[in-house]
Amino acid sequence: MKALAPMITDQLVVTNVARTGFEWKMAAPREGNLYTMAMGMVTPVVLGLALSLPHRGVIALDGDGGILLNLGTLATVANQAPPNLISIIFDNQSYASTGGLPTATAGKTDLVAIAKGAGIENAVGVHDIKTFTETARAAVAGNGPWVIVCRVVSEKPPVEPKLMDGRENKYRFVRYIEETEGTTVLRPSVVGRKEPTI
Amino acid sequence: MKQSDAEFIGNALADAGFDFAATLPATQLHTLQSWLAESQRFKTVSVTNEAEGVAICAGAWLAGKIPVIVLETSGILLSTYALMRCHATFGIPILLLSTYRGGLGDQEWYAVHTGAVLPQLLESLRIPCKIVDDVDRLAETLRDARRTMDASLHPVSIVLDVRITDR
């Protein structure tokens, strides 16, 4: 997280539940972060962002448990092939936030091979900070989609900062997009029965 | 669904402001899904399951798109986790435009139980629903869906009766 933070400019970042969000908020607190997306939904949500804002970098901070819940999305990412999408999967081989029982990657499952088999050419496994930093720098430069599987150990961060309520987080995230894109996302209610805002 | 109805519904969706679609091929909807995939009025994504599809639509909405997922009745059952944990939790709207497999008049035995629970399922999920059996009423219903989506920031459902999908 600390290695990735300096590479962030205006990218939109969506995080997995629990510690991933806590640690990212410590490393890079900003309005362009959406924390605590549901397991299995992080990379798909980022895919929707990437396809809708093709000029803008979007990053998923996903986990091994999350991506295993929805492996089909790797095939959709491959076939849609948004060059602005990066999915960083922190693979600690466990469901660390819910008791630490092992995921399939603690056994025989290889997420890099699955991503490559899905059709994602830039699927890379990294095991150290130096390789991660080099790979992330290349990914931020473009030519995605990228899937970076980071083999990490399961440990608690030193502090678990409180994250804001999901709705407040969404409003702030959306306002940040509206401001930086010059677009309208929230279309408030109108008095009387009018035509919907297009 | 007749090709002419598919084109009518597709254009009615676009006229109501929808511009992003997720689809998983379905017997009763493939003409509409093909139309959406080829239309310049939509960005259409073919997905691997409906839970993934509604999550992709959530991302599209966050970026300013107006999303619809065009899906089988069973796809609503499959997508309930994502609809609650992603859309309802964060307050993100989406239109579920679905078939009514197992509805009154459907002759497929395997669909009976899926159709039987659909209205109560949507009610339990607090997703407003309208069952439409006349394609001529659909354009106004789609505009109503947009109004409710914008006001509620919650999923909305339109269920297409077999009188539309099977004629």
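Which residues in H3(B) meet residues in H5(B)? On the H3(B) side they are Ala51(B), Val54(B), Ala55(B) and Ala58(B), and their counterparts in H5(B) are Tyr81(B), Ala82(B), Leu83(B), Cys86(B) and His87(B). By class, this contact of H3(B) with H5(B) counts eight nonpolar residues, one polar residue and no charged ones. Keep in mind as you look around that this is a predicted model. Let's start with the sheets and then move on to the helices and the contact between the chains.

**The sheet of chain A**

- Chain A has an open sheet of six strands, with parallel pairing, and you can trace the strands in the order E2-E1-E3-E4-E8-E7.
- At the edges stand strand E2 (33-34) and strand E7 (122-126) of chain A; each has a single partner strand, so one side of each lacks a neighbour in the sheet.
- Within this sheet, look for strand E3 (residues 58-63) and strand E4 (residues 85-91) of chain A, which are joined by six bridges in the parallel sense.
- To find your place in that pair, look for Asp62(A), which stands opposite Ile89(A) in E4(A).

**Helices on the sheet of chain A**

- Four bridges join strand E1 (residues 20-23) and strand E2 (residues 43-46) of chain B in the parallel sense, and Ala22(B) has Val45(B) in E2(B) as its bridge partner.
- Between E1(B) and E2(B) the chain passes through helix H2 (residues 30-38) of chain B, making a right-handed β-α-β crossover.
- Strand E3 (residues 67-71) and strand E4 (residues 95-99) of chain B are also a parallel pair, with four bridges, and Val68(B) stands opposite Leu95(B) in E4(B).

**Helix pairs in chain B**

- Back to the opening pair: helix H3 (residues 50-62) and helix H5 (residues 80-90) of chain B pack at an angle of about 20°, with their axes 8 Å apart.
- That angle makes H3(B) roughly parallel to H5(B), and their crossing is right-handed.
- Helix H1 (residues 3-15) of chain B packs with H7(B) at an angle of about 35°, and their axes are 9 Å apart.
- The crossing of H1(B) and H7(B) is right-handed.
- From H1(B), Ile9(B), Ala12(B), Leu13(B) and Asp15(B) meet Leu138(B), Ala139(B) and Leu142(B) of H7(B).
- In this contact of H1(B) with H7(B), six residues are nonpolar, none is polar and one is charged.

**Where the chains meet**

- The contact between the chains takes 34 residues from chain A and 31 residues from chain B.
- On the chain B side, E2, H3, H5 and helix H7 (138-152) each supply at least two residues.
- H3(B) gives the largest share of that side, with nine residues.
- By class, the side of chain B that touches chain A has 16 nonpolar, seven polar and eight charged residues.

How values were computed:
Residues are numbered from 1 along each chain as its sequence is written. Chains are lettered from A and ligands numbered from 1 in the order in which they are written. This is a predicted model: local features need pLDDT of at least 70, side-chain atom pairs count only at pLDDT 80 or more; totals for chains, interfaces and linings use all residues. Axes are lines fitted to C-alpha atoms, for helices over the stretch in contact, and angles run from 0 to 180 degrees between N-to-C directions. Angles under 35 degrees count as roughly parallel, over 145 as roughly antiparallel, 65 to 115 as roughly perpendicular and the rest as oblique. A crossing is left-handed if the near helix is turned anticlockwise from the far one by less than a right angle, and right-handed if clockwise. Two residues are in contact if their C-beta atoms, placed from the backbone, lie within 7 Å. Ala, Val, Leu, Ile, Met, Phe, Trp, Tyr, Cys and Pro count as nonpolar, Asp, Glu, Lys and Arg as charged, and the others, Gly among them, as polar. Two strands pair if DSSP finds at least two bridges between them. A crossover is right-handed if, with the strands pointing away from the viewer, the path from the first strand over the helix to the second runs clockwise.
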